[in-house]
Amino acid sequence: MSRSPTSTPDTSSKQKIENNPGRIIAHFGKRIVIEDAQGQEHRCSARRNLPPLVCGDEINWHYPDPKSCIIHELRPRRSLLARPDARGKQKIIAANIDQILIVCAPLPELNEGLLDRYLVAAALTEIKPVIVLNKTDLLDKKQRLHYQERLSIYQQLGYPIIYTSAHEDEAFNQLSERLREQTSILVGQSGVGKSSLLNRLLPEVNARIGEVSDATGKGRHTTTTARLYHLPDSGALIDSPGIREFGLWNVSPKQLAQGFPEFVKRKDECRFRDCQHRNEPGCAILEDVENGEISASRHASYLRILASLEE
Ligand SMILES: Nc1nc2c(ncn2[C@@H]2O[C@H](COP(=O)(O)OP(=O)(O)OP(=O)(O)O)[C@@H](O)[C@H]2O)c(=O)[nH]1
Ligand SMILES: [Mg+2]
Ligand SMILES: [Zn+2]
């Protein structure tokens with residue numbers, strides 16, 4: 001059916017034009033890309049009275065004329081992954097996420113301190129974490145055992161771990177199974193292969209990937225903005241820019257301890273109610289470190305994060 005340009009749209013479609021639900025796919029500077037309920041993408045701007053909008057946000061939008069598209073409302077967020085920016089202010093990475101895939105690799109080297117921070121952030125926001133060790137193709141048998149040993153602490157704590165490779169077939173089905181019917185985000189250091197995993201799952205996306213520097217063994221910060229993609233089986237996956245450090249935003253010492261599941265078991269057993277498990281007498285956590293129930297390296301990591309919260 002063709003319609004002449006002068007005909008007035010019927011009221012039902014006018015209604016839609018006035019208040020459309022949508023979701024933010026990406027946000028670069030002032031430019032926001034959203035998708036509408038039909039999955040169609042639009043470039044938008046946002047009303048000034050709105051808080052900073054991020055990838056994954058559910059919004060309402062309208063277009064006052066065919067050329068402009070304006071977001072006028074932010075719908076309540078189910079979850080939110082945030083960290084402090086360089087000035088200590090909250091920087092939201094993404095919203096409405098169900099699952100966080102913490103991608104690690106042998107190159108750049110696995111960093112347990114960073115992993116622990118992500119795990120705390122996930123616990124406090126109730127986003128399910130999954131640890132992904134990528135680039136297993138680089139490991140011989142002995143090296144693989146070395147990483148399995150390092151990650152065994154996390155396995156014992158009940159975190160799911162997937163050993164995979166963006167370059168080989170290992171565990172790829174396991175990874176895609178995990179992503180079904182929910183919104184997941186890939187996070188981790190620059191160069192661990194987040195975008196490569198995305199490309200492996202969705203070859204048509206062809207996201208930019210960057211070599212790890214030979215000189216420093218670090219990534220080159222190739223991905224610069226978070227972006228949401230749909231998976232073929234259902235579910236969505238957000239690729240995010242790699243980071244050097246992941247600070248925790250607005251976390252109290254008590255909340256930090258809640259992010260360590262092995263501490264939670266004995267949380268009411270310290271002599272002092274406000275025990276920070278540093279060197280207090282009668283501390284149940286220190287007792288567990290002493291007798292090997294709690295890994296000394298996890299406790300040391302807790303102390304480092306605790307010190308960083310005070311900075
Ligand atoms: N050997 C091997 N190399 C990989 C694998 N996955 C990624 N790489 C390489 O690692 C480098 C970094 O990959 P990216 O996918 O750009 O890493 P990223 O995590 O997205 O990095 P940022 O966007 O900077 O955060 C590239 O040279 C990839 O080819 C893998 O499974 N095995
Ligand atoms: Mg990337
Ligand atoms: Zn204690």
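**Strand 8 and the magnesium site**

In strand 9, Leu-133 is the bridge partner of Cys-104. The chain passes from strand 8 through helix 2 (residues 112–125) to strand 9, and this β-α-β crossover is right-handed, a term applied if, with the strands pointing away from the viewer, the path from the first strand over the helix to the second runs clockwise. The model is predicted, with local features requiring pLDDT of at least 70 and side-chain atom pairs counting only at pLDDT 80 or more, whereas totals for chains, interfaces and linings use all residues. Residues are numbered from 1 along each chain as its sequence is written, and side-chain values use heavy atoms, with hydrogens and water left out.

Strand 8 (residues 99–104) runs parallel to strand 9 (residues 128–133), to which 6 bridges join it, and it also pairs in the parallel sense with strand 11 (residues 183–187) over 4 bridges; pairing requires at least two DSSP bridges between two strands, and helices (H or I, at least four residues) and strands (E, at least two) are DSSP runs numbered from the N terminus. Gln-99, Leu-101 and Val-103 point one way from strand 8 and Ile-100, Ile-102 and Cys-104 the other way, all of them buried (under 20% relative accessible area, with exposed over 50% and partly exposed in between, for a 1.4 Å probe and protein chains only).

The magnesium ion (ligand 2) is coordinated by Ser-195 (OG) and Thr-223 (OG1) at 2.0 to 2.1 Å, donors being N, O and S atoms within 2.8 Å of the metal (3.2 Å for Na, K and Ca); water is not among the atoms, so sites may look incomplete. Ser-195 lies in helix 5 (residues 194–201) and Thr-223 in the loop between helix 5 and strand 12 (227–230), so the pair ties together parts that are 28 residues apart in sequence.

Methods
Chains lettered and ligands numbered in written order.
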